[in-house]
Amino acid sequence: QVQLVESGGGLVQPGGSLTLSCAASGKILGVNTMGWYRRAPGQRRDMVARITKLGTTNYADSVKGRFTISLDNARKTVYLQMNNLKPDDAAVYYCNADLRVEAPIILDYEYWGQGTQVTVSS
């Protein structure tokens with residue numbers, strides 16, 4: 001069974017930094033894309049950053065220059081380095097992955113993690 005396990009969330013002061021990680025496990029043949037989405041109170045779940053297996057990245061305008069996404073293909077793990085965090089960054093962050101899996105035939109399928117809380121407060 002494929003699972004996405006997130007870690008790294010927590011409480012940080014404005015201007016501080018956190019690094020999120022998300023590891024995919026299971027019968028995974030390869031990563032197509034992995035990324036991070038977030039949902040703040042009263043808001044929809046929006047894309048924060050995504051990265052393809054070839055290294056192409058996309059960022060929400062609100063985090064450009066502050067967040068960096070990276071992918072370790074061998075470990076099937078995506079990271080999100082978040083710098084200069086702002087109160088508006090506070091949200092539950094969800095890992096997303098489009099993966100090629102064998103279940104029992106080869107398929108491309110999208111998965112979601114359970115989410116990790118990021119709180120930005122003094």
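**View 1. S25, a partly exposed residue of the predicted model.** With 35% relative accessibility, S25 falls between the 20% and 50% cut-offs, so we call it partly exposed. This is a predicted model, so keep that in mind for every view here. S25 sits in strand β3. Look across to Q3: it is 22 residues away along the chain, yet the two C-alpha atoms are 5.4 Å apart. Setting aside neighbours within four places in sequence, S25 touches Q1, V2 and Q3.

**View 2. S21, a buried serine in β3.** Here we're still in strand β3, which covers residues 18–25. S21 comes in at 17% relative accessibility, and because that is under 20%, S21 is counted as buried. Its side chain meets that of S7 in a polar contact of 2.7 Å. Once neighbours within four places in sequence are left out, the contacts of S21 are V5, E6, S7, W36, T77, V78 and Y79.

**View 3. Pairing of β3 with β8.** Strand β8 takes in residues 77–82 and runs antiparallel to β3, with six bridges between the two. For a landmark, find C22, which stands opposite V78 in β8.

**View 4. The open sheet around β3.** Zooming out a bit, four strands line up as β1-β3-β8-β7, with antiparallel pairing, in an open sheet. The edges belong to β1 (3–7) and β7 (67–72); each has a single partner strand, so one side of each lacks a neighbour in the sheet. On average, neighbouring strands of this sheet are turned by 15° against each other, direction ignored.

How values were computed:
Residues numbered from 1 in each chain as written. Predicted model: local features only at pLDDT ≥ 70, side-chain atom pairs only at ≥ 80, totals over all residues. Heavy atoms only, no water. Buried < 20%, exposed > 50% of the residue type's maximum accessible area, 1.4 Å probe, protein only. Polar contact = N/O pair within 3.5 Å; in protein donor to acceptor, adjacent residues only side chain to side chain. Contact = heavy atoms within 4.5 Å. Pairing = 2+ DSSP bridges. Axes fitted to C-alpha atoms, helices over the stretch in contact; angles between N-to-C directions.
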